[in-house]
Amino acid sequence: ANGMRAGGPITDLLNGRVELIDQERAAGVRFTASTRPWMGNIFGTMHGGVIAAIVSQACSFAGQANAAAGLDYQLGELAIGFLRSPTVRGTDVTVDVTAVKAGRRIATFEAVMRGHDGVLLSTATADVIYR
């Protein structure tokens, strides 16, 4: 989020960028992805697998932001609700991830994806395991 490291190949593929959101107890993350035609299904809207990839990448960044120095992390579970699919015409979708509980061994996050116009697209929860 602070630019010390590149976001990685998935972030690049998703035309993404990440930033930290200040929270009282734990770090939150905002992940923004710019839509492209290849992300679409036959209806011209974003494929559900791409929505899940964007949301899971955002949750992964939140897990990383809350990992203690020297600890590794992994997404242990992701539950996602698909509410609406955005068009894939170069507009941005944004995922805000906030901590429900951030402990030493496990953290739970909520993620909300919105379109460039603020329309709610997806909600998710993710568990991150620290080891």
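Strand 3 (73-82) and strand 6 (residues 120-130) run antiparallel and are joined by nine bridges; strands pair if DSSP finds at least two bridges between them. Within this pairing, Ala 79 has Thr 125 of strand 6 as its bridge partner. The model is predicted: local features need pLDDT of at least 70, side-chain atom pairs count only at pLDDT 80 or more, and totals for chains, interfaces and linings use all residues. Residues are numbered from 1 along each chain as its sequence is written, and side-chain values use heavy atoms, without hydrogens and water.

- An open sheet with antiparallel pairing is formed by six strands in the order 1-2-4-5-6-3; strands (E, at least two residues) and helices (H or I, at least four) are DSSP runs, numbered from the N terminus.
- Strand 1 (16-21) and strand 3 are the edges and have a single partner strand each, so one side of each lacks a neighbour in the sheet.
- On average, neighbouring strands are turned by 20° against each other, direction ignored; axes are lines fitted to C-alpha atoms, for helices over the stretch in contact, and angles run from 0 to 180 degrees between N-to-C directions.

**Helix packing**
- Helix 2 (residues 48-65) packs on the sheet and touches strands 1, 2, 3, 4, 5 and 6, contact meaning heavy atoms within 4.5 Å.
- The direction of helix 2 makes about 140° with that of strand 3.

- Strand 2 is joined to strand 4 by six bridges, and Arg 30 stands opposite Asp 96 in strand 4.
- Nine bridges link strand 4 to strand 5 in the antiparallel sense, with Arg 114 in strand 5 as the bridge partner of Thr 94.
- Three residues lie between strand 4 and strand 5, which form a hairpin.
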